[in-house]
Amino acid sequence: MKRLVLPLLLLSILLLSACGESEPETLATAQPIEAGDSCHVCGMLISEHPGPKGEAFMDKQEQPLKFCSTMDLFAFLKQPENETRVSHAYVHDVAAAPWATPDDEAFVLASEAWYLVGHDQRGAMGHTLASFADRADAETFREEHGGELVGFDDIDLELLGRLGRGELGE
């Protein structure tokens, strides 16, 4: 009986450790901004405004919530009631298209992007975050338009409030 205990214990540990492994979750892809799409936060027609836009997918949701600016996207993402329910979000890579007409082919994961706050460009709601897939592109933009470089984890409600009040940049 004692000889069976150790092998059974090892088998149980192996089986339990396998239970924790799962296939990586496949993220829903960003969707094009269509002519009639309105911002989830402010209701403005998204395509009528310049600057980078955003999309957020809530847990188990196949269609994104769309936003007219990265400012509105982050105002939504950083609300305590939303932070735990968001699966992932996308932002436009500003380096991939003109500011006035972001390219839907240039969406990048918001969590992997670099951001400039306090620059001289305006989005749908005034001050907004310029989003970039590559840090080097963000640095180049900063040389021309000013601003402060931040990462995804640096963005919080305090920073958004300062940005919205015009306390950053010019």
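**View 1. The largest nonpolar core has 33 residues.** Within this core of the predicted model, the residues with the most contacts are Leu73, Phe74, Leu77, Tyr115, Leu129 and Ile155. At least two residues of the core come from each of the strands E1 (54-58), E2 (65-67), E3 (86-92), E4 (107-109) and E5 (114-117), and likewise from each of the helices H2 and H5. The element that gives the most to this core is H2, with 5 residues.

**View 2. The surroundings of Leu129, one of the residues with the most contacts inside the largest core.** When residues up to four places away in sequence are not counted, Leu129 touches Pro52, Thr70, Met71, Phe74, Tyr115, Leu116, Val117, His119, Ile155, Leu160 and Leu163. Elsewhere in the model there is a second, separate core of 8 residues, and Val94, Trp99, Phe141 and Leu149 are among them.

**View 3. Helix H2 (residues 70-77) packs with helix H5 (residues 157-164).** The angle between the two helices is about 145°, and their axes lie 10 Å apart, while the crossing in which H2 passes H5 is left-handed. On the H2 side the contact is made by Met71, Phe74 and Ala75, which meet Leu160, Leu163 and Gly164 of H5.

**View 4. Tyr90 and Phe107 form one of the aromatic pairs, of which the structure holds 7.** The ring centres of Tyr90 and Phe107 are 6.5 Å apart and the ring planes stand at 65°, which exceeds the 60 degrees above which planes count as edge-to-face, so the pair is assigned to that class. This pair links distant parts of the chain, with Tyr90 in strand E3 and Phe107 in strand E4, 17 residues apart. Tyr90 and Phe107 are each buried. Ring pairs also bring in Phe57, so that a cluster of Phe57, Tyr90 and Phe107 is formed.

**View 5. Phe132 and Phe141 form a tilted aromatic pair.** The distance between the two rings is 5.2 Å centre to centre, and the angle between their planes is 55°. Both residues, Phe132 and Phe141, are buried, and Phe141 is also included in the second, separate core of 8 residues.

Terms used:
Residues numbered from 1 in each chain as written. Predicted model: local features only at pLDDT ≥ 70, side-chain atom pairs only at ≥ 80, totals over all residues. Heavy atoms only, no water. Axes fitted to C-alpha atoms, helices over the stretch in contact; angles between N-to-C directions. Helix = DSSP H or I, 4+ residues; strand = E, 2+ residues; numbered from the N terminus. Left-handed = near helix turned anticlockwise from the far one by under 90°. Contact = heavy atoms within 4.5 Å. Core = buried A, V, L, I, M, F, W, Y, C linked by side-chain atoms within 4.5 Å. Buried < 20%, exposed > 50% of the residue type's maximum accessible area, 1.4 Å probe, protein only. Phe/Tyr/Trp six-rings, centres within 6.5 Å; stacked < 30°, edge-to-face > 60°.
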